[in-house]
Amino acid sequence: MTSEFVSSACPHDCPSTCALEVERLDDYTIGKVRGAADNDYTLGVICDKVARYRERIHHPERLSHPLKRSGPKGSGRFEPISWDEALDEVAAAFKAAADEFGAEAVWPFHYAGTMGLVQRDGIHRFRHALGYSGLDETICVTLARMGWYAGVGKLWGTDARDMAQSDLIVIWGTNPVSTQVNVMTHVTKARKERGAKVVCVDPYRTGTAKAADIHLAVRPGTDGALACGVMHVLFREGFADRDYMARFTDDPERLEKHLETRTPAWAADITGLAEEDIVAFARLYGQTERSYIRVGYGFSRSRNGAANVHAVTCLPAVTGTWQHPGGGALYVQADLYNIDQTVIKGLDVVDPEVRILDMSRIGAVLTGDKGALKGGPPVKAMLIQNQNPAMVAPDSVKVLQGLKREDLFICVHEQFMTETAELADIVLPATMFLEHDDMYKGSGHPYLQVTKKVIEAPAECRSNHEVHCALAERLGAEHPGFAMSAWELMDQSLKASGLPGADDALKARWIDCSKSSDEMNFLNGFGHADGRFRFAPDWRALGQAHGTAWQAMPALPDHLDNIDAADKDHPFRLVTAPARRFLNSTFTETETSRTKEGRPTAFINPADCEALGLSDGERVRIGNRQGDVVVHVKPYEGQQPGVVVIESIWPNKAFVEGLGINALTSADSAPPAGGAVFHDTAVWLRAEPSGEGM
Ligand SMILES: Nc1nc2c(c(=O)[nH]1)N[C@H]1C(S)=C(S)[C@@H](COP(=O)(O)OP(=O)(O)OC[C@H]3O[C@@H](n4cnc5c(=O)[nH]c(N)nc54)[C@H](O)[C@@H]3O)O[C@H]1N2
Ligand SMILES: Nc1nc2c(c(=O)[nH]1)N[C@H]1C(S)=C(S)[C@@H](COP(=O)(O)OP(=O)(O)OC[C@H]3O[C@@H](n4cnc5c(=O)[nH]c(N)nc54)[C@H](O)[C@@H]3O)O[C@H]1N2
Ligand code: SF4
Ligand SMILES: [Mo]
């Protein structure tokens, strides 16, 4: 067989969802992976971790056979068993838990290891059909979504391809050089073709900040104040577009009045930026009609994250940049896709009475916190797919304590022996995206992509869908979806959504789901019933299903002062930004990613290093009320004193004392509707004597 390039799409949890071309060397082996040059979003560019996918898919440590624990929990001792034996054991454990404690004692736990709509979401059908506990998927998008919905009302925005027509691009709270490389491709185009200026708002000097013309190094959790200070100048200096606001927004007069006290000096005090830098940025933004804000996730991962995202979305509504080519803003294009997932997710058999547990509070749930359990039974059995909570979930001391419970049965379906899999009773080997069929929605772009498997799965690996069907059969779960293949599920869903079927979609390689540019830029009205952008959001409507936390939200854009502020005992603010060569916990298993990342490292302002007597390469202990971890020091320019950054997510084992970064992050649930607060942590720092020989 001669090698050939086959179309595919990147399945990882990354807004870029790159269109890929994968070299198939034979039925079992891939060669090179490259970006599709003729996809006008991907434009042939992908990140280096996926370009090296051969290293991950043909990794010698890939799980290949079902395993059963043969030593004490967490001992790492397993023995191979057959698929039938493994599935029987899982089914028996689920049945026993449900018989004794009720079906809600079983908690399928999952997220977005693959973003494929079949292999990611079929687990919903599995749990709905059996009445198992649900999962409130708060670990990533909740806060940013709430903030965007609050003002804009629909999850879409100016097409990223329009950036080529922008004169100013503001990259706000995202680090695309690491986390979504294609944004930089389009930024570079705008720079080359129009001399566009680039501003980056980020607490530390990321790769993106280095590439920008202006870097605004805010204190973490203060973007709402920056946005208000900027808007104050926009109104004061005549940059506010009053005609636009009268047509497209709810209450500009009330906003203007409210902003009178949110001066640049007020914002400078909160953000730690210089007042003149805030004014200069406001003028640049106000003077530039074609200005595009790329809204990221980073600044939403705080207790006040939803308020901050809403405040930033107010900027283009004040100046009306939505009206100009290359103007407006984008967070995600999620609402462009209207895919009917009824059969995939089993939405026709949902019992609304079944409890839904907050995934970000898995530590509290598994250690028996009554509130976290919603007054229901303890969790006694879990199927974990597409997630690695032992590393990624906040408050990991508690998470690990819970996962290690002797009376908790855990089945982990994985590609590698992750730190979560190590704590399992049964480990099942999973396929990778090139070994199964699926479909993917873009987040940073409007393309839907259907992919077919490129090579055969190695050894005994099976897909998520196969596992759902096999367990459903043993547990007596009934739903038509369990009798369908992944391809049939896709075909049915696409056709039910008025889209071409799976075969046609595959042939087309990608389907553009964008709307007219007027609609994308809300020139026919915003996403609320009255078509108006909301400076004064209806937070109650967004949050009331989750209790009363929404009451904390500010009536108008503001600095919501509810963060884990630095204090005498915890004088530093910690940001756990993503590492470039890892994708969450994925790729921590590949040698080249680990080598390039080095080791868990604290980036600390040189003035703080001096004050604490810390030098490059020495150890520092970082802690708070939840725990403490030891990492190595790197003096780093370009962040404010009092800010510490540890790029993540490393395995716990990679840390000096075997406890990872999420020992420090909090599982507090942020208003108005929950969400994890990974970048909102006050900590203390202490020089740590080096170990022998280090
Ligand atoms: N400190 C800190 N913690 C964080 C964050 C942070 O910024 N800082 N970010 C948070 C965010 S935004 C997220 S989304 C979470 C993500 O955390 P995770 O969801 O755990 O992250 P991933 O590494 O994307 O995927 C998890 C696992 O899915 C597996 N997997 C991939 N494809 C398949 C498949 O087809 N089948 C099966 N069965 N398994 C598969 C992978 O091998 C991987 O181990 O982490 C959060 N944790
Ligand atoms: N290489 C790589 N790529 C990834 C991931 C990864 O782990 N590694 N994770 C993937 C996932 S699951 C997701 S959700 C996306 C997320 O991608 P992004 O939208 O980029 O969001 P974050 O990764 O949380 O953080 C981005 C930046 O926000 C900054 N930040 C933190 N706090 C604040 C703040 O208060 N204000 C401001 N202005 N900035 C702040 C951080 O310093 C960081 O540089 O990336 C995906 N892509
Ligand atoms: S940039 Fe994101 S979508 Fe593109 S190949 Fe890398 S991980 Fe995948
Ligand atoms: Mo995420």
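1. D680 and R303 are both buried (under 20% relative accessible area with a 1.4 Å probe on protein chains only; exposed is over 50%, partly exposed in between). The two form a salt bridge with the closest N and O atoms 3.0 Å apart, a salt bridge being a side-chain nitrogen of Lys or Arg within 4 Å of a carboxyl oxygen of Asp or Glu. The partners lie 377 residues apart in the chain.

2. The model is predicted: local features need pLDDT of at least 70, side-chain atom pairs count only at pLDDT 80 or more, and totals for chains, interfaces and linings use all residues. Residues are numbered from 1 along each chain as written, chains are lettered from A and ligands numbered from 1 in the order written, and side-chain values use heavy atoms, without hydrogens and water.

3. The whole structure contains 41 salt bridges. One of them joins D38 to R509 at 2.7 Å, N to O, across a separation of 471 residues. D38 counts as partly exposed at 47% relative accessibility, and R509 is likewise partly exposed at 24%.

4. K653 and E422 also meet in a salt bridge, at 3.0 Å from N to O. K653 is exposed, with 54% relative accessibility, whereas E422, at 23%, is partly exposed.

5. The largest nonpolar core has 118 residues, and W107 and W172 have the most contacts inside it. Such a core is a set of buried Ala, Val, Leu, Ile, Met, Phe, Trp, Tyr and Cys residues joined through side-chain atoms within 4.5 Å. A second, separate core of 44 residues includes C10, F587, V633 and L664.

Methods. Helices (H or I, at least four residues) and strands (E, at least two) are DSSP runs, numbered from the N terminus.
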